Amino acid sequence: MKKHNFNAGPSILADEVIENAAKAILDFNGSGLSLLSISHRTKDFDAVMEEADQLFRELLHIPDNYKIIYLGGGASTYFYEIPANFLGKKAGYVNTGVWAKKAIKEAKRYGEVEVLASSEDKNFTYIPKGFAIPADLDYVHITSNNTIYGTEYHEDLSSPVPLIADMSSDILSRPVDVSKYAMIYGGAQKNLAPAGVAFAIIREDMLDKIVRDLPSMVSFRTHVENNSMFNTPPVFPIYVLKETLRWLKSIGGVPEIYRRNQEKAALLYDEIDRNPLFRGTVVKEDRSLMNICFVMAEGYEDLADEFMAFAKERGMVGIKGHRLVGGFRASCYNALPKSSVEALVACMQEFAEKHA
Ligand code: PMP
């Protein structure tokens with residue numbers, strides 16, 4: 001049976017990306033060696049890094065005064081590295097859920113944290129707007145897409161202080177004005193690669209704003225100056241990331257994937273709004289294009305387990321909602337085909353007919 005992969009992360013990658021990765025595991029660039037057993041300090045791997053850099057820049061229109069780095073440790077490592085590097089006195093954070101809270105917790109180890117706005121009052125079902133950003137902050141931190149709650153900023157924030165965004169779960173899914181950010185970072189295991197690498201796009205002048213003497217591995221300067229090769233980078237995930245960027249370019253880049261993501265999300269949200277058995281959990285204007293959360297509508301709560309089993313029988317994978325939200329979450333990342341969303345919608349309709 002065809003499986004429809006709605007996993008929240010690690011998550012679906014394009015078929016051709018997985019095929020190319022499999023080939024490179026068997027024979028990397030005709031070298032007679034596996035990608036898994038080459039040195040990262042070779043011409044062939046340099047070319048992978050260079051191509052990834054160039055494609056990332058091209059696809060996201062990253063200005064020349066930004067550097068891209070790739071590190072292990074996941075987005076969670078950046079949660080403490082960002083304040084370690086940049087939090088001298090006070091930083092501002094927007095609390096939009098679990099990942100933002102984790103970032104806040106780590107930042108508090110390094111200085112004062114002002115929570116500028118929070119959507120906790122309504123279980124993180126919206127994105128706070130219109131809050132003031134004091135000019136005396138070292139930086140302000142946001143989570144552009146909240147993977148667990150299914151909320152997303154649909155506009156780039158304007159900030160008088162350096163703006164830092166965790167884009168783990170919506171990087172390259174929509175156009176972003178990179179010049180509005182001092183730093184964009186994230187784990188790559190949703191829209192870019194398998195688990196094992198995290199990326200950061202850092203404006204160069206931020207490297208002059210590092211506020212304390214740091215262990216070499218923690219300082220962003222180390223990784224920028226060594227082109228992510230200060231220590232052994234995650235070779236395999238970086239290779240797959242490069243293949244994903246190639247795939248994205250081949251289908252028409254960010255404008256095309258944004259069109260597809262909007263189309264997929266509209267299909268599913270329309271069904272959620274139309275189908276009497278289900279309801280969405282997020283205010284409409286802040287709904288994520290990537291993580292689509294819904295629950296059984298009032299009066300149908302008892303059918304949740306039955307729907308889960310019904311959907312599983314029809315090939316749906318990974319649609320169980322996070323325990324903090326309950327219900328269902330269909331993650332519709334870049335590589336998820338429209339046909340999978342259509343299959344889920346058909347499944348919801350069939351289930352509704354059964355219970356009409
Ligand atoms: N931020 C967001 C928005 C996430 O969704 C996740 C993981 N799901 C993280 C941070 C943590 O990423 P990692 O597991 O790579 O540390």
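Leaving aside residues up to four places away in sequence, Met183 touches Ile164, Ala200, Ile201, Ile202, Arg203 and Met206, where contact means that the C-beta atoms, placed from the backbone, lie within 7 Å. This is a predicted model, in which local features need pLDDT of at least 70 and side-chain atom pairs count only at pLDDT 80 or more, while totals for chains, interfaces and linings use all residues. Residues are numbered from 1 along each chain as its sequence is written.

Met183 is also one of four residues, with Phe199, Leu241 and Cys332, that touch the most other members of the largest nonpolar core, which has 103 residues. Such a core is a set of buried Ala, Val, Leu, Ile, Met, Phe, Trp, Tyr and Cys residues joined through C-beta atoms within 7 Å, and buried means that 20 or more other C-beta atoms lie within 10 Å of a residue's own. The largest share of this core, 7 residues, comes from H2.

## Two domains

The domain assignment, which is automatic or taken from a database, gives the protein chain domain 1 (15-250) and domain 2 (252-354). Their centres, taken over C-alpha atoms, are separated by 27 Å, and the contact takes 23 residues from domain 1 and 22 residues from domain 2.

Note on methods. Contact = placed C-beta atoms within 7 Å. Buried ≥ 20, exposed ≤ 12 C-beta atoms within 10 Å, placed from the backbone. Helix = DSSP H or I, 4+ residues; strand = E, 2+ residues; numbered from the N terminus.
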